[in-house]
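Thanks for coming, everyone. I'll keep this brief. Please have the model open while I talk.

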Amino acid sequence: MKDSVINKALFKATIEEWRYNPVFLPIMVLGYLYLIGFAIISVSFVSAPIHEATFSSVFYTAAPCVALLGTGIIGQNVSSGILSVLFARPIRRYSYVLTRWLALSVASSTLCLILLLIEQVAGMAAFPGVVPDFNTLCQAVERVSMCFGLSATFIMFSSVLPSAINLSAWIVFCFVSNIIVEIAHMEPYLLHSSYGSELGRKLGEFVIPICKEMALPLQSIAFPYIDLSFLAHTASISWFAVFTYFSNLSLSLLIAIIVMNRKEVSYASK
Amino acid sequence: MQVNKKIATEMLPSSLVAVVIILLLARTGTGIYERFHPTQFLSRDLVQWREPLAGLTESRTTGKPVFIYFSGAAYLPKEEQYRRNYFSDPKIADTINAKYIPVKVWDKSLGDTPKDQIVNQMQTKYLQWYCQPAIHVVPVECQMVHNERYKLPHFYTYGSVAPRNTMFNFLDENANWHPLPVSPSQEVKWTRIEEAQTKANLEHKPILYFFARHNDEECDEAMRELFDDNDCEHQQLKNYICCMIYDHTATGSKNSQTVDRLIGKYKIQTYPTFIVDKTSLSGQNDKIIGYRGHDSMEEFLANNK
(Lines give C-alpha, C1' and ligand atoms only; values in the text may rest on other atoms or scores of the structure.)
Protein backbone atom coordinates (compact mmCIF):
# COMPACT_ATOMS: atom_id res chain seq x y z
CA MET A 1 0.00 0.00 0.00
CA LYS A 2 1.34 3.44 -0.96
CA ASP A 3 1.24 5.91 1.89
CA SER A 4 1.58 9.19 -0.01
CA VAL A 5 -1.50 11.43 0.05
CA ILE A 6 -1.13 12.30 -3.62
CA ASN A 7 -0.81 9.37 -5.97
CA LYS A 8 1.55 10.39 -8.78
CA ALA A 9 0.44 7.64 -11.14
CA LEU A 10 -3.20 8.63 -10.66
CA PHE A 11 -2.30 12.29 -11.18
CA LYS A 12 -0.67 11.44 -14.52
CA ALA A 13 -3.56 9.18 -15.45
CA THR A 14 -6.05 12.00 -14.82
CA ILE A 15 -4.13 14.32 -17.15
CA GLU A 16 -3.90 11.56 -19.76
CA GLU A 17 -7.64 10.98 -19.42
CA TRP A 18 -8.29 14.58 -20.50
CA ARG A 19 -5.76 14.35 -23.31
CA TYR A 20 -7.13 11.22 -24.92
CA ASN A 21 -10.84 11.32 -24.15
CA PRO A 22 -12.50 11.45 -27.60
CA VAL A 23 -15.64 13.14 -26.26
CA PHE A 24 -14.19 15.62 -23.82
CA LEU A 25 -11.12 16.66 -25.78
CA PRO A 26 -12.93 18.41 -28.67
CA ILE A 27 -15.33 20.10 -26.22
CA MET A 28 -12.43 21.26 -24.06
CA VAL A 29 -10.39 22.49 -27.03
CA LEU A 30 -13.35 24.35 -28.57
CA GLY A 31 -14.36 25.80 -25.21
CA TYR A 32 -10.84 26.97 -24.52
CA LEU A 33 -10.45 28.44 -28.01
CA TYR A 34 -13.67 30.34 -27.40
CA LEU A 35 -12.23 31.71 -24.15
CA ILE A 36 -9.02 32.74 -25.91
CA GLY A 37 -10.97 34.43 -28.70
CA PHE A 38 -13.18 36.18 -26.17
CA ALA A 39 -10.13 37.38 -24.22
CA ILE A 40 -8.43 38.78 -27.34
CA ILE A 41 -11.60 40.41 -28.66
CA SER A 42 -12.44 41.89 -25.24
CA VAL A 43 -9.05 43.52 -24.98
CA SER A 44 -8.38 44.47 -28.59
CA PHE A 45 -11.73 45.63 -29.95
CA VAL A 46 -13.03 48.06 -27.37
CA SER A 47 -14.69 51.39 -27.98
CA ALA A 48 -12.29 53.31 -25.75
CA PRO A 49 -8.65 52.76 -24.77
CA ILE A 50 -8.39 50.32 -21.91
CA HIS A 51 -6.80 51.27 -18.59
CA GLU A 52 -5.55 47.82 -17.66
CA ALA A 53 -4.94 44.73 -19.74
CA THR A 54 -7.15 42.45 -17.68
CA PHE A 55 -10.55 42.74 -19.20
CA SER A 56 -12.16 39.55 -18.03
CA SER A 57 -13.18 38.88 -14.45
CA VAL A 58 -11.84 36.14 -12.21
CA PHE A 59 -15.11 34.26 -12.34
CA TYR A 60 -15.60 34.32 -16.11
CA THR A 61 -12.17 32.83 -16.77
CA ALA A 62 -11.62 30.48 -13.85
CA ALA A 63 -15.12 28.99 -13.71
CA PRO A 64 -15.23 27.86 -17.40
CA CYS A 65 -11.76 26.32 -17.11
CA VAL A 66 -12.77 24.31 -14.04
CA ALA A 67 -16.13 23.43 -15.61
CA LEU A 68 -14.48 22.23 -18.83
CA LEU A 69 -12.17 19.87 -17.00
CA GLY A 70 -14.15 19.07 -13.87
CA THR A 71 -17.44 17.92 -15.36
CA GLY A 72 -17.95 14.38 -14.12
CA ILE A 73 -14.45 14.26 -12.64
CA ILE A 74 -15.48 11.52 -10.22
CA GLY A 75 -19.05 10.76 -11.26
CA GLN A 76 -17.94 9.63 -14.73
CA ASN A 77 -15.53 7.15 -13.19
CA VAL A 78 -18.29 5.80 -10.96
CA SER A 79 -20.80 5.54 -13.82
CA SER A 80 -18.35 3.98 -16.27
CA GLY A 81 -17.17 1.35 -13.78
CA ILE A 82 -13.53 2.53 -13.76
CA LEU A 83 -13.65 2.90 -9.99
CA SER A 84 -14.47 -0.78 -9.56
CA VAL A 85 -11.21 -1.63 -11.30
CA LEU A 86 -9.27 1.17 -9.65
CA PHE A 87 -10.34 0.40 -6.10
CA ALA A 88 -9.50 -3.26 -6.60
CA ARG A 89 -5.93 -2.02 -6.25
CA PRO A 90 -4.57 -0.94 -2.87
CA ILE A 91 -5.29 2.73 -3.34
CA ARG A 92 -6.67 4.73 -0.48
CA ARG A 93 -9.90 6.42 -1.42
CA TYR A 94 -8.96 9.75 0.10
CA SER A 95 -5.79 9.62 -1.98
CA TYR A 96 -7.94 9.17 -5.08
CA VAL A 97 -10.16 12.14 -4.17
CA LEU A 98 -7.27 14.44 -3.26
CA THR A 99 -5.27 13.48 -6.36
CA ARG A 100 -8.23 14.14 -8.65
CA TRP A 101 -8.76 17.49 -6.93
CA LEU A 102 -5.10 18.47 -7.26
CA ALA A 103 -4.97 17.42 -10.93
CA LEU A 104 -8.12 19.43 -11.68
CA SER A 105 -6.82 22.45 -9.76
CA VAL A 106 -3.39 22.44 -11.39
CA ALA A 107 -4.73 21.88 -14.91
CA SER A 108 -7.43 24.55 -14.66
CA SER A 109 -4.99 27.00 -13.04
CA THR A 110 -2.56 26.48 -15.90
CA LEU A 111 -5.29 27.15 -18.48
CA CYS A 112 -6.35 30.25 -16.54
CA LEU A 113 -2.84 31.64 -16.33
CA ILE A 114 -2.27 31.05 -20.05
CA LEU A 115 -5.49 32.98 -20.70
CA LEU A 116 -4.26 35.81 -18.51
CA LEU A 117 -0.97 35.86 -20.41
CA ILE A 118 -2.81 36.00 -23.75
CA GLU A 119 -4.97 38.86 -22.45
CA GLN A 120 -1.88 40.76 -21.34
CA VAL A 121 -0.10 40.29 -24.66
CA ALA A 122 -3.22 41.26 -26.64
CA GLY A 123 -3.77 44.28 -24.40
CA MET A 124 -0.17 45.45 -24.73
CA ALA A 125 -0.25 44.91 -28.49
CA ALA A 126 -3.44 46.92 -28.89
CA PHE A 127 -2.56 49.62 -26.36
CA PRO A 128 1.22 49.88 -25.86
CA GLY A 129 0.81 52.07 -22.77
CA VAL A 130 -0.93 49.29 -20.87
CA VAL A 131 1.56 47.21 -18.89
CA PRO A 132 1.06 44.48 -16.30
CA ASP A 133 0.91 45.90 -12.81
CA PHE A 134 0.03 44.91 -9.27
CA ASN A 135 -3.57 44.26 -10.31
CA THR A 136 -2.35 41.71 -12.84
CA LEU A 137 -0.49 39.82 -10.12
CA CYS A 138 -3.61 39.92 -7.93
CA GLN A 139 -5.65 38.62 -10.86
CA ALA A 140 -3.26 35.71 -11.33
CA VAL A 141 -3.37 34.70 -7.67
CA GLU A 142 -7.14 35.18 -7.46
CA ARG A 143 -7.69 33.03 -10.55
CA VAL A 144 -5.51 30.26 -9.16
CA SER A 145 -7.32 30.45 -5.82
CA MET A 146 -10.66 30.19 -7.60
CA CYS A 147 -9.46 27.19 -9.57
CA PHE A 148 -8.41 25.41 -6.38
CA GLY A 149 -11.57 26.40 -4.48
CA LEU A 150 -14.00 25.65 -7.29
CA SER A 151 -12.27 22.35 -8.03
CA ALA A 152 -13.07 21.28 -4.47
CA THR A 153 -16.73 22.25 -5.01
CA PHE A 154 -16.81 20.27 -8.26
CA ILE A 155 -15.17 17.27 -6.58
CA MET A 156 -17.77 17.37 -3.81
CA PHE A 157 -20.72 17.54 -6.23
CA SER A 158 -19.18 14.90 -8.46
CA SER A 159 -18.66 12.46 -5.60
CA VAL A 160 -22.33 12.71 -4.64
CA LEU A 161 -23.87 12.82 -8.12
CA PRO A 162 -23.44 10.33 -10.95
CA SER A 163 -21.99 10.98 -14.38
CA ALA A 164 -21.59 14.65 -15.37
CA ILE A 165 -24.46 15.97 -13.26
CA ASN A 166 -22.05 17.88 -11.03
CA LEU A 167 -21.91 20.64 -13.64
CA SER A 168 -25.69 21.03 -13.68
CA ALA A 169 -25.76 20.94 -9.88
CA TRP A 170 -23.17 23.70 -9.68
CA ILE A 171 -25.00 25.85 -12.27
CA VAL A 172 -28.26 25.47 -10.32
CA PHE A 173 -26.41 26.25 -7.08
CA CYS A 174 -24.89 29.42 -8.64
CA PHE A 175 -28.26 30.49 -9.97
CA VAL A 176 -30.00 29.98 -6.63
CA SER A 177 -27.24 31.75 -4.71
CA ASN A 178 -27.36 34.67 -7.15
CA ILE A 179 -31.12 34.93 -6.76
CA ILE A 180 -30.71 34.99 -2.97
CA VAL A 181 -28.03 37.70 -3.23
CA GLU A 182 -30.25 39.77 -5.54
CA ILE A 183 -33.18 39.47 -3.12
CA ALA A 184 -30.91 40.53 -0.24
CA HIS A 185 -29.88 43.59 -2.23
CA MET A 186 -33.47 44.57 -2.85
CA GLU A 187 -33.95 45.63 0.77
CA PRO A 188 -34.01 49.37 0.06
CA TYR A 189 -36.46 48.88 -2.76
CA LEU A 190 -38.79 46.33 -1.14
CA LEU A 191 -38.84 47.51 2.46
CA HIS A 192 -38.12 51.21 2.42
CA SER A 193 -39.53 52.51 -0.82
CA SER A 194 -43.01 53.69 -1.60
CA TYR A 195 -42.56 51.82 -4.88
CA GLY A 196 -43.17 48.36 -3.43
CA SER A 197 -46.60 46.99 -2.61
CA GLU A 198 -47.79 46.16 0.91
CA LEU A 199 -47.66 42.45 0.14
CA GLY A 200 -44.11 42.79 -1.18
CA ARG A 201 -43.13 44.66 1.96
CA LYS A 202 -44.56 42.01 4.27
CA LEU A 203 -42.93 39.23 2.30
CA GLY A 204 -39.68 41.18 2.22
CA GLU A 205 -39.67 41.61 5.99
CA PHE A 206 -39.66 37.85 6.34
CA VAL A 207 -37.47 36.83 3.40
CA ILE A 208 -34.80 39.55 3.20
CA PRO A 209 -33.16 38.98 6.63
CA ILE A 210 -32.81 35.27 5.78
CA CYS A 211 -31.36 36.05 2.35
CA LYS A 212 -28.93 38.54 3.88
CA GLU A 213 -27.58 35.87 6.21
CA MET A 214 -27.37 33.26 3.46
CA ALA A 215 -25.85 35.49 0.78
CA LEU A 216 -22.19 35.39 1.82
CA PRO A 217 -21.92 31.67 2.75
CA LEU A 218 -23.60 30.59 -0.50
CA GLN A 219 -21.45 32.87 -2.64
CA SER A 220 -18.32 31.56 -0.96
CA ILE A 221 -19.23 28.02 -2.06
CA ALA A 222 -20.43 28.93 -5.55
CA PHE A 223 -17.55 31.34 -6.34
CA PRO A 224 -14.76 30.53 -3.89
CA TYR A 225 -11.63 32.65 -4.22
CA ILE A 226 -9.27 34.68 -2.10
CA ASP A 227 -9.81 38.34 -2.77
CA LEU A 228 -6.44 40.05 -2.73
CA SER A 229 -7.68 43.55 -3.41
CA PHE A 230 -7.50 44.22 0.35
CA LEU A 231 -3.78 44.70 -0.26
CA ALA A 232 -4.59 47.87 -2.13
CA HIS A 233 -8.03 48.90 -1.05
CA THR A 234 -9.08 47.70 2.38
CA ALA A 235 -8.17 48.99 5.79
CA SER A 236 -7.74 45.50 7.27
CA ILE A 237 -7.54 42.03 5.84
CA SER A 238 -10.75 40.11 6.43
CA TRP A 239 -9.53 36.89 8.06
CA PHE A 240 -13.11 35.70 8.04
CA ALA A 241 -13.04 35.69 4.22
CA VAL A 242 -9.70 33.86 4.17
CA PHE A 243 -10.81 31.24 6.70
CA THR A 244 -14.14 30.86 4.90
CA TYR A 245 -12.31 30.06 1.67
CA PHE A 246 -10.00 27.44 3.20
CA SER A 247 -12.74 26.06 5.41
CA ASN A 248 -15.09 25.54 2.45
CA LEU A 249 -12.31 24.00 0.41
CA SER A 250 -11.27 21.51 3.09
CA LEU A 251 -14.86 20.76 4.07
CA SER A 252 -15.80 20.03 0.45
CA LEU A 253 -12.90 17.61 0.15
CA LEU A 254 -13.76 15.95 3.44
CA ILE A 255 -17.37 15.48 2.36
CA ALA A 256 -16.16 14.02 -0.94
CA ILE A 257 -13.87 11.59 0.90
CA ILE A 258 -16.64 10.51 3.29
CA VAL A 259 -19.01 9.93 0.37
CA MET A 260 -16.38 7.97 -1.54
CA ASN A 261 -15.55 5.87 1.53
CA ARG A 262 -19.18 4.92 1.85
CA LYS A 263 -19.69 4.24 -1.86
CA GLU A 264 -20.18 0.63 -2.91
CA VAL A 265 -18.10 0.27 -6.06
CA SER A 266 -17.71 -3.48 -6.44
CA TYR A 267 -18.87 -5.25 -9.59
CA ALA A 268 -21.69 -6.69 -7.53
CA SER A 269 -23.13 -3.21 -7.04
CA LYS A 270 -23.67 -2.71 -10.77
CA MET B 1 -5.72 -9.87 6.68
CA GLN B 2 -7.58 -9.16 3.45
CA VAL B 3 -10.44 -7.59 5.40
CA ASN B 4 -8.06 -5.32 7.33
CA LYS B 5 -6.47 -4.09 4.11
CA LYS B 6 -9.86 -3.28 2.64
CA ILE B 7 -10.84 -1.24 5.66
CA ALA B 8 -7.52 0.64 5.49
CA THR B 9 -8.33 1.98 2.01
CA GLU B 10 -11.51 3.59 3.30
CA MET B 11 -10.03 5.52 6.19
CA LEU B 12 -10.44 9.23 6.84
CA PRO B 13 -7.21 11.25 6.89
CA SER B 14 -7.06 12.46 10.49
CA SER B 15 -4.94 15.47 9.55
CA LEU B 16 -7.63 16.69 7.13
CA VAL B 17 -10.32 16.23 9.77
CA ALA B 18 -8.20 18.26 12.21
CA VAL B 19 -7.64 20.99 9.62
CA VAL B 20 -11.37 21.15 8.86
CA ILE B 21 -12.24 21.50 12.56
CA ILE B 22 -9.56 24.17 13.16
CA LEU B 23 -10.64 26.15 10.10
CA LEU B 24 -14.31 25.96 11.07
CA LEU B 25 -13.50 27.24 14.54
CA ALA B 26 -11.30 30.02 13.13
CA ARG B 27 -14.01 30.92 10.65
CA THR B 28 -16.67 31.11 13.36
CA GLY B 29 -14.45 33.18 15.64
CA THR B 30 -13.39 35.69 13.01
CA GLY B 31 -16.96 35.81 11.69
CA ILE B 32 -18.30 36.84 15.10
CA TYR B 33 -15.51 39.40 15.56
CA GLU B 34 -16.00 40.96 12.13
CA ARG B 35 -19.78 41.09 12.59
CA PHE B 36 -19.23 43.43 15.56
CA HIS B 37 -16.45 45.47 13.87
CA PRO B 38 -17.62 45.60 10.26
CA THR B 39 -16.45 49.04 9.15
CA GLN B 40 -12.73 48.38 9.49
CA PHE B 41 -13.00 45.47 7.07
CA LEU B 42 -14.84 47.40 4.38
CA SER B 43 -12.86 48.72 1.45
CA ARG B 44 -12.19 52.41 1.58
CA ASP B 45 -14.33 54.56 -0.65
CA LEU B 46 -12.48 57.35 -2.47
CA VAL B 47 -15.52 58.85 -4.17
CA GLN B 48 -16.68 62.13 -2.66
CA TRP B 49 -20.36 61.31 -2.34
CA ARG B 50 -22.84 64.15 -1.93
CA GLU B 51 -26.18 64.13 -0.21
CA PRO B 52 -28.95 63.73 -2.82
CA LEU B 53 -30.39 67.22 -2.60
CA ALA B 54 -26.99 68.94 -2.45
CA GLY B 55 -25.81 66.85 -5.39
CA LEU B 56 -28.73 67.80 -7.60
CA THR B 57 -28.27 71.50 -6.79
CA GLU B 58 -24.54 71.31 -7.49
CA SER B 59 -25.19 69.53 -10.76
CA ARG B 60 -27.47 72.32 -11.95
CA THR B 61 -24.89 74.92 -10.96
CA THR B 62 -21.90 73.23 -12.55
CA GLY B 63 -23.64 71.53 -15.47
CA LYS B 64 -22.00 68.19 -14.64
CA PRO B 65 -24.18 65.08 -14.79
CA VAL B 66 -25.18 63.38 -11.57
CA PHE B 67 -23.71 59.94 -10.97
CA ILE B 68 -26.37 58.31 -8.81
CA TYR B 69 -25.38 55.19 -6.95
CA PHE B 70 -28.36 53.32 -5.58
CA SER B 71 -26.73 51.19 -2.96
CA GLY B 72 -27.90 48.69 -0.39
CA ALA B 73 -26.50 47.46 2.92
CA ALA B 74 -22.74 48.03 2.90
CA TYR B 75 -21.73 44.53 4.01
CA LEU B 76 -23.63 42.67 1.30
CA PRO B 77 -21.42 40.94 -1.30
CA LYS B 78 -22.18 43.13 -4.28
CA GLU B 79 -21.96 46.38 -2.35
CA GLU B 80 -18.53 45.41 -1.13
CA GLN B 81 -17.52 44.34 -4.62
CA TYR B 82 -18.61 47.69 -6.07
CA ARG B 83 -16.67 49.54 -3.39
CA ARG B 84 -13.60 47.35 -3.74
CA ASN B 85 -13.48 47.10 -7.53
CA TYR B 86 -14.62 50.57 -8.46
CA PHE B 87 -14.94 53.16 -5.73
CA SER B 88 -11.67 52.37 -3.96
CA ASP B 89 -9.74 52.44 -7.22
CA PRO B 90 -7.96 55.83 -7.38
CA LYS B 91 -8.27 56.11 -11.17
CA ILE B 92 -12.01 55.37 -11.19
CA ALA B 93 -12.69 57.53 -8.14
CA ASP B 94 -10.76 60.47 -9.67
CA THR B 95 -12.74 60.19 -12.91
CA ILE B 96 -16.06 60.13 -11.04
CA ASN B 97 -15.05 63.07 -8.82
CA ALA B 98 -13.81 65.12 -11.79
CA LYS B 99 -16.49 64.48 -14.41
CA TYR B 100 -19.61 63.83 -12.35
CA ILE B 101 -21.43 64.91 -9.23
CA PRO B 102 -21.50 61.64 -7.30
CA VAL B 103 -24.62 61.05 -5.23
CA LYS B 104 -25.18 58.00 -3.09
CA VAL B 105 -28.77 57.09 -2.43
CA TRP B 106 -29.89 55.09 0.57
CA ASP B 107 -26.76 53.88 2.29
CA LYS B 108 -24.55 56.14 4.37
CA SER B 109 -22.57 53.66 6.40
CA LEU B 110 -24.26 50.35 7.03
CA GLY B 111 -27.51 50.72 5.20
CA ASP B 112 -29.66 51.46 8.21
CA THR B 113 -30.18 55.18 7.86
CA PRO B 114 -33.79 56.28 7.82
CA LYS B 115 -35.23 57.14 4.48
CA ASP B 116 -36.03 60.71 3.66
CA GLN B 117 -38.31 62.13 1.06
CA ILE B 118 -35.71 63.13 -1.50
CA VAL B 119 -34.21 59.63 -1.51
CA ASN B 120 -37.63 58.17 -2.11
CA GLN B 121 -38.23 60.64 -4.92
CA MET B 122 -34.92 59.81 -6.56
CA GLN B 123 -35.64 56.11 -6.34
CA THR B 124 -39.05 56.58 -7.92
CA LYS B 125 -37.76 58.92 -10.59
CA TYR B 126 -34.40 57.52 -11.62
CA LEU B 127 -34.09 53.92 -10.51
CA GLN B 128 -34.99 52.29 -13.79
CA TRP B 129 -33.48 48.98 -12.80
CA TYR B 130 -34.99 47.83 -9.55
CA CYS B 131 -32.24 45.60 -8.22
CA GLN B 132 -29.52 47.31 -6.30
CA PRO B 133 -26.67 48.19 -6.43
CA ALA B 134 -27.21 50.08 -9.66
CA ILE B 135 -25.75 53.25 -11.13
CA HIS B 136 -27.56 55.81 -13.22
CA VAL B 137 -26.14 58.86 -14.94
CA VAL B 138 -28.57 61.75 -14.98
CA PRO B 139 -27.50 64.82 -16.94
CA VAL B 140 -28.74 68.25 -15.94
CA GLU B 141 -31.35 68.29 -18.66
CA CYS B 142 -33.16 65.27 -17.28
CA GLN B 143 -33.37 66.23 -13.67
CA MET B 144 -36.61 68.16 -13.68
CA VAL B 145 -38.55 66.15 -16.20
CA HIS B 146 -40.08 62.75 -16.10
CA ASN B 147 -37.48 60.17 -16.95
CA GLU B 148 -39.75 58.13 -19.18
CA ARG B 149 -38.82 60.45 -22.00
CA TYR B 150 -35.20 59.35 -21.80
CA LYS B 151 -33.20 56.18 -21.70
CA LEU B 152 -30.74 57.10 -18.99
CA PRO B 153 -27.35 55.37 -19.08
CA HIS B 154 -27.25 52.78 -16.35
CA PHE B 155 -24.69 50.36 -15.01
CA TYR B 156 -25.86 47.12 -13.51
CA THR B 157 -24.34 43.69 -13.38
CA TYR B 158 -26.07 40.47 -12.46
CA GLY B 159 -24.01 38.00 -10.49
CA SER B 160 -20.33 38.80 -10.45
CA VAL B 161 -19.05 42.34 -10.84
CA ALA B 162 -17.77 43.46 -14.24
CA PRO B 163 -14.06 44.24 -14.66
CA ARG B 164 -12.79 47.75 -13.96
CA ASN B 165 -12.33 48.48 -17.66
CA THR B 166 -16.09 48.20 -18.14
CA MET B 167 -16.59 50.90 -15.54
CA PHE B 168 -13.91 53.07 -17.17
CA ASN B 169 -15.72 52.78 -20.50
CA PHE B 170 -19.04 53.60 -18.86
CA LEU B 171 -17.56 56.71 -17.23
CA ASP B 172 -15.83 57.89 -20.42
CA GLU B 173 -18.86 57.36 -22.61
CA ASN B 174 -21.40 59.06 -20.38
CA ALA B 175 -19.57 62.07 -18.96
CA ASN B 176 -20.67 64.15 -21.94
CA TRP B 177 -23.85 62.24 -22.65
CA HIS B 178 -26.80 64.32 -23.70
CA PRO B 179 -30.31 63.03 -23.53
CA LEU B 180 -31.87 61.85 -26.71
CA PRO B 181 -35.62 62.12 -26.24
CA VAL B 182 -37.49 58.95 -26.94
CA SER B 183 -39.92 59.51 -29.75
CA PRO B 184 -43.31 57.86 -29.43
CA SER B 185 -42.68 56.32 -32.81
CA GLN B 186 -39.86 53.95 -33.52
CA GLU B 187 -40.07 54.80 -37.21
CA VAL B 188 -38.33 58.15 -36.99
CA LYS B 189 -34.57 57.87 -36.72
CA TRP B 190 -33.41 60.64 -34.43
CA THR B 191 -29.84 61.80 -34.62
CA ARG B 192 -27.75 63.29 -31.82
CA ILE B 193 -27.18 67.00 -32.12
CA GLU B 194 -23.40 66.56 -32.11
CA GLU B 195 -23.54 64.14 -35.02
CA ALA B 196 -26.18 65.90 -37.10
CA GLN B 197 -23.97 68.18 -39.18
CA THR B 198 -21.43 65.47 -40.01
CA LYS B 199 -24.21 63.08 -40.99
CA ALA B 200 -25.92 65.74 -43.10
CA ASN B 201 -22.67 66.46 -44.98
CA LEU B 202 -22.10 62.77 -45.58
CA GLU B 203 -25.61 61.95 -46.73
CA HIS B 204 -26.29 65.32 -48.46
CA LYS B 205 -29.54 65.83 -46.63
CA PRO B 206 -30.95 68.86 -44.85
CA ILE B 207 -31.27 68.80 -41.07
CA LEU B 208 -34.70 69.09 -39.54
CA TYR B 209 -34.47 70.58 -36.06
CA PHE B 210 -37.55 70.12 -33.89
CA PHE B 211 -37.32 72.59 -31.01
CA ALA B 212 -39.69 71.73 -28.19
CA ARG B 213 -40.14 72.01 -24.47
CA HIS B 214 -41.75 69.92 -21.79
CA ASN B 215 -45.30 70.29 -20.53
CA ASP B 216 -46.29 72.26 -23.62
CA GLU B 217 -49.56 71.21 -25.19
CA GLU B 218 -48.68 72.36 -28.67
CA CYS B 219 -45.34 70.54 -28.58
CA ASP B 220 -46.99 67.39 -27.32
CA GLU B 221 -49.60 67.59 -30.07
CA ALA B 222 -46.92 68.03 -32.72
CA MET B 223 -45.00 65.14 -31.29
CA ARG B 224 -48.10 62.95 -31.24
CA GLU B 225 -49.39 63.79 -34.70
CA LEU B 226 -46.13 63.96 -36.58
CA PHE B 227 -44.02 61.30 -35.02
CA ASP B 228 -46.49 58.91 -33.47
CA ASP B 229 -48.33 57.52 -36.44
CA ASN B 230 -47.24 55.95 -39.67
CA ASP B 231 -48.57 58.58 -42.02
CA CYS B 232 -46.82 60.03 -45.01
CA GLU B 233 -44.67 62.29 -42.82
CA HIS B 234 -42.51 59.34 -42.08
CA GLN B 235 -41.72 58.99 -45.74
CA GLN B 236 -40.96 62.70 -45.89
CA LEU B 237 -38.86 62.56 -42.71
CA LYS B 238 -36.59 59.99 -44.31
CA ASN B 239 -35.28 62.80 -46.49
CA TYR B 240 -34.05 64.69 -43.42
CA ILE B 241 -31.54 64.26 -40.66
CA CYS B 242 -33.94 64.62 -37.73
CA CYS B 243 -32.85 66.26 -34.50
CA MET B 244 -35.09 66.76 -31.49
CA ILE B 245 -34.01 69.54 -29.14
CA TYR B 246 -35.65 70.18 -25.82
CA ASP B 247 -35.31 73.54 -24.09
CA HIS B 248 -35.13 72.64 -20.41
CA THR B 249 -34.99 76.16 -19.02
CA ALA B 250 -38.79 76.27 -18.77
CA THR B 251 -38.67 73.47 -16.19
CA GLY B 252 -35.94 75.12 -14.13
CA SER B 253 -33.10 73.01 -15.52
CA LYS B 254 -30.04 74.08 -17.41
CA ASN B 255 -29.45 73.32 -21.09
CA SER B 256 -26.23 71.92 -22.40
CA GLN B 257 -23.95 74.39 -24.23
CA THR B 258 -24.80 72.81 -27.59
CA VAL B 259 -28.52 73.26 -27.06
CA ASP B 260 -28.07 76.87 -25.92
CA ARG B 261 -25.88 77.57 -28.95
CA LEU B 262 -28.52 76.25 -31.36
CA ILE B 263 -31.35 78.10 -29.62
CA GLY B 264 -29.27 81.28 -29.91
CA LYS B 265 -28.28 80.59 -33.51
CA TYR B 266 -31.86 80.15 -34.72
CA LYS B 267 -33.30 82.73 -32.29
CA ILE B 268 -35.90 80.32 -30.96
CA GLN B 269 -38.54 82.02 -28.82
CA THR B 270 -41.68 80.03 -29.53
CA TYR B 271 -42.23 76.31 -29.20
CA PRO B 272 -42.50 74.18 -31.18
CA THR B 273 -40.34 75.53 -33.97
CA PHE B 274 -39.23 73.51 -36.97
CA ILE B 275 -36.02 74.57 -38.69
CA VAL B 276 -34.72 73.09 -41.90
CA ASP B 277 -30.99 73.69 -42.08
CA LYS B 278 -29.70 73.25 -45.62
CA THR B 279 -26.08 74.24 -44.97
CA SER B 280 -24.93 70.86 -46.26
CA LEU B 281 -26.78 71.52 -49.55
CA SER B 282 -25.74 75.20 -49.75
CA GLY B 283 -29.42 76.19 -49.68
CA GLN B 284 -31.57 78.66 -47.76
CA ASN B 285 -32.71 77.67 -44.30
CA ASP B 286 -36.44 77.58 -43.67
CA LYS B 287 -38.50 77.61 -40.52
CA ILE B 288 -42.05 77.13 -39.34
CA ILE B 289 -43.07 78.57 -35.99
CA GLY B 290 -45.73 76.77 -33.99
CA TYR B 291 -47.61 73.67 -35.00
CA ARG B 292 -50.13 74.43 -37.73
CA GLY B 293 -51.50 70.97 -38.26
CA HIS B 294 -50.91 67.92 -40.29
CA ASP B 295 -51.30 69.28 -43.82
CA SER B 296 -49.16 72.35 -43.49
CA MET B 297 -46.36 70.27 -42.00
CA GLU B 298 -46.57 67.83 -44.88
CA GLU B 299 -46.33 70.70 -47.35
CA PHE B 300 -43.43 72.23 -45.41
CA LEU B 301 -41.52 68.97 -45.45
CA ALA B 302 -42.24 68.33 -49.13
CA ASN B 303 -41.04 71.78 -50.16
CA ASN B 304 -37.78 71.66 -48.29
CA LYS B 305 -36.45 68.18 -48.99
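Predicted model: local features only at pLDDT ≥ 70, side-chain atom pairs only at ≥ 80, totals over all residues.

Residues count from 1 along each chain as its sequence is written, chains are lettered from A and ligands numbered from 1 in the order written, and side-chain values use heavy atoms, without hydrogens or water.

Chain A first. It has 12 helices and zero strands. Helices here are DSSP runs of H or I, at least four residues, and strands are runs of E, at least two, numbered from the N terminus. Chain A has 270 residues, and 53% of them count as buried. Buried means under 20% relative accessible area, exposed means over 50%, and partly exposed lies in between, with a 1.4 Å probe and protein chains only. Now contacts, meaning heavy atoms within 4.5 Å. Take those in chain A between residues at least 6 apart in sequence: 83% join residues at least 24 apart.

Next, the cores. A nonpolar core is a set of buried Ala, Val, Leu, Ile, Met, Phe, Trp, Tyr and Cys residues, joined through side-chain atoms within 4.5 Å. Which residues touch the most other members of the largest one? Trp18(A), Tyr96(A), Val97(A), Ile155(A) and Trp170(A), out of 58 residues. Helix 6 of chain A, residues 93-126, gives the largest share, 10 residues. Look at Tyr96(A). Beyond its neighbours within four places in sequence, its contacts include Leu10(A), Ile73(A), Phe87(A) and Met260(A). A second, separate core has 37 residues, among them Leu208(B), Met223(B), Ile263(B) and Leu301(B).

On to chain B. Four strands make an open, mixed sheet in the order 2-1-3-4. Strands pair if DSSP finds at least two bridges between them. The edges are strand 2 (101-105) and strand 4 (154-155), each pairing on one side only. Strand 2 is parallel to strand 1 (residues 66-70), over five bridges. Val66(B) sits opposite Ile101(B), and Tyr69(B) has Lys104(B) as its bridge partner.

Helix 3 (residues 52-62) lies across strands 1 and 2, at about 160 degrees to strand 2. Axes are lines fitted to C-alpha atoms, for helices over the stretch in contact; angles run from 0 to 180 degrees between N-to-C directions.

Now strand 7 of chain B, residues 273-277. All five of its five residues are buried, so the rest of the structure largely encloses it. Strand 7 pairs antiparallel with strand 5 (residues 207-213) over five bridges. There, Phe210(B) partners Phe274(B). Strand 7 also pairs antiparallel with strand 8 (residues 286-289), over four bridges. Val276(B) stands opposite Asp286(B) in strand 8.

Last, cysteines. The structure holds zero disulfides, a disulfide being two cysteine sulfurs within 2.5 Å. Cys65(A) is buried, at 0% relative accessibility.
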